[in-house]
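Could you walk me through this structure in the viewer, one selection at a time? I would like to know what to pick next and what is there.

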Amino acid sequence: MKKGLLSLALVLASVAVVQAKGSKDPELMTINGKAVTLGEFEYLYHKNNSQQLAPQTIDEYLDMFVTYKQKVADAESEGIDNTEAFKNEFDGYRRELAEPYLRNKEMEDSIIRAVYSHMQEDVDVSHIMLASKGPGIDAEAQKHTLDSIRTAILNGADFAALARQYSIDRAARKNGGRMGFIPVGRLPYTFEDAAYNTKAGEISPVVETPFGFHIVKVNARRPARGQVLAQHILKLTQGLSEEDAAKKKAEIDSIGALLAAGADFEEIAKKESEAPGSQRNGGRLNWFGAGQMVPEFEEAAFSLQNGEVSAPFKTSYGYHIVKRLDWKPVDSFETMEPMIKNVIQRDERGQMPRKRKIAELRRKFKAGVNAANLALVKNEIVKNGGLDSALIEKYIVSEMEVASMGKQKILLSEVVSEIGAPLAGTPERQAAQFEERVNLSLDNAVTEAERQDLAVNNADYRNLLNEYRDGMLLFEVSDRKVWTKAKQDKEGLENYFRTHRDKYKWEKPKFKSYVVFATSDSIMQLAKGYLESTDIPGDSLATDLRKKFGKDVKIEKVIAAQGENNITDYLGFGAEKPEAKGKWAWYFPYRGKILNAPEEAADVRGAVTGDYQGELEEAWVAGLKQKFPAKINKKTLKKAK
C-alpha cells in the first residue's frame, strides 16, 4: 500500500463505526442495485423548483429524476467514476465542499464580530517597534528591552523621544511614532487588537506582529466617522525646489479661483490634476474612512458638506483641492461580513477557527501524538546532527508509532516518506520541524476522517457532495453518448439531414462557396489556375494550398444570404466589389453556387447537430429504461414533501 500522511484505507477504517450506524433516511428507489434515499430526492426536487418559473409537482419531477439517476448509473457502468481524472477532480470538490465544516463556526463568528466592533470606533495611536527576527537578533532580549522602554514611559519618560531613539519604524524619526487614526483591517491583527483593547492615554503590553515587537499608545478614541466619497485635484511638490513648489502653489490657487467662479470640477481635474490614479476619472476616489488618507486630506474631506469644495491645502504630497460627493456611516454587518472574512484570511485569524476545529476533531476521533516515541526520534535527530540520508533510510522502514487515531497508527515510516526535501537549520530546528510534520500528519488524518463522517452523517453535505459527483458523471456520459458523438458522427449527421430534409428551409437563397484569398493579384491568378487544373477534395483544400503557396494563400468556406456579407454579396449576388483592404485584398470564389435550400448537413450544421443530439438523447433514454429499470417504493414516495 502506498504510504502517505494517512492512507485512505486507514481513514475509512477509522469511520467504519460511524458508517455502520447508518442513516435513517428511508430508501425511495433502487437503480442498478444502488439505493437512492428520500432525502436526496427531496433536496434536488426543492432545489430544482426554486430555479423554475413554473414549479413541478413531485410526480412530474419524479420521471426527470429517474432519468437523471439512470444516466448516472450508465456512467458508472462504463467505469467513468473509476478513472484517475474523475477521482482527482471529485476529490478536489469533496475537499472544497468540506472546508466550511472544518472550521469552528463560533470562533469564526466571534472574530468577525470583533472586527466589526472595531469599525464602530476610530482609534488614534502611536507605537514603538523593535525587531523580533533576523541575523543576530535575540528575540527575548528585544522583547525585554521594549518592556523596559514601556516601563520608562509609564514612569514619565517622553514617548515620542524614545520612539525616535529606539523604534525601527523609519517614520518615527519624523512623527515620534505617531500613526494617527488607524484603518481597521489594514494592520496585523495583534497590533489592531492591542490598539482597540487599550484605553485612551494608556500603553499596551508588548505585542508581536510579523514586523516585530510593538508597544501601542492610544492617544484618542472617537465614534467612527464612517466613509466619504470625494474628488480631488493635486499639484505634486515632492522633490521640488522651493521655487518650483511655489509655482505649484500659484497653480492650485488659480484652479481654486476657477472653481469658485463655477468651473466644472471634473473637467478641471482631468486637465490639471497630477494624481496618477484619479486624474483620468476626473479626480474621483473610492470610498475611504479614517486612517486611509494622510491626516490633512482626511480632515478636509470629512469637514465638508456634500457638494462642497475645499480651499487649497497642503499635505506631504503637494497641494490639493477636495470636493466631497457623499458620506455614509459604517455599512451594516451583513454588508461588511464578506469583506471582513477576506481580511481575516490574510493573517493568523484566518487559521484560528480551523485550529480550534482540529483540536475538537482530535478529541472526537481519539487522536494524539505518541509523546514518548516522538521524543526518542527528536533526540536521535539532534544527536545525529540532523535528519540526514542515513537516518531517513533507517526511519523509512520503521514501524514505530509516532501518532494514532483511535486504533489506527501513524508510523514513523509514513511521516518520513512524506517529508520529501531535506529539513533545514540546526539539528534542534530540524527536530522541531519533524514534530511539526508529525502533527501535520495527524491533523490531515482527523480532517479526512471528518470528511468521511460528514458524508455519512451530515445530510446537507452528503446531498451536495452527491449532487457534485452525479453532475460530473452526467456531464461526461452525456458528452460521450450525445454531444460530442453527434458532432463527430458525420455519417450519422448526413443521414439525419437526408431523412429530415423538409425540416430545413431558408427564407431566401444563399451563396455557398470556398473563397480563396491571396496576398497579391499575381498569386491569386496562380492559385486560380492551379485549382482549375486539378480536382482537390474539399477537406484537403486548405492543406494542399498551404503546401503549394505557403502563407500567401488562405481559404475559407462561406454560406450566406444576400446582405449578410459584403464579399459574398459581390461574389454571388452581383453587388459592387468592396474596397480592398489589408493583406487579403485579392480573392475569388471556388465551387461557388446559389442554393435555394440546404443540400447537405454542413449547410445547416448547427440546427442539424442540435436535432440529431435530441434523437440520440431519446434513443439513449429509452435504452436506459430497459437497462436500468427503477424500483420505486410508493409508500416512501408518499412521504415526499
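In what order do the 4 strands of the open sheet come? This is a predicted model, and in it the order is E4-E3-E6-E5, with antiparallel pairing. Select the edges next: strand E4 (178-181) and strand E5 (207-209) each pair on one side only. On average, neighbouring strands of this sheet are turned by 35° against each other, direction ignored.

Strand E3 (residues 121-130) runs antiparallel to E4, and 3 bridges join them. Pick Ser-126 and look across to E4, where Arg-178 is its bridge partner.

Helix H7 (residues 139-154) lies across E3 and strand E6 (212-223), at about 35° to E6. Helix H8 (residues 159-166) also lies across E3 and E6, and runs at about 45° to E3.

For the next stop, jump to strand E13 (residues 510-518). Here 9 of the 9 residues are buried, so the strand is largely enclosed by the rest of the structure. In a regular strand, side chains alternate between the two faces of the sheet. Colour Lys-510, Lys-512, Tyr-514, Val-516 and Ala-518 as one set, pointing one way from E13, and Phe-511, Ser-513, Val-515 and Phe-517 as another, pointing the other way.

Finally, show the partners of E13. Strand E14 (residues 553-561) pairs with E13 in the antiparallel sense over 9 bridges, and Tyr-514 stands opposite Lys-557 there. Strand E15 (residues 586-595) is also antiparallel to E13, over 8 bridges, with Val-516 opposite Phe-588.

How values were computed
Residues numbered from 1 in each chain as written. Predicted model: local features only at pLDDT ≥ 70, side-chain atom pairs only at ≥ 80, totals over all residues. Heavy atoms only, no water. Buried < 20%, exposed > 50% of the residue type's maximum accessible area, 1.4 Å probe, protein only. Helix = DSSP H or I, 4+ residues; strand = E, 2+ residues; numbered from the N terminus. Pairing = 2+ DSSP bridges. Axes fitted to C-alpha atoms, helices over the stretch in contact; angles between N-to-C directions. Contact = heavy atoms within 4.5 Å.
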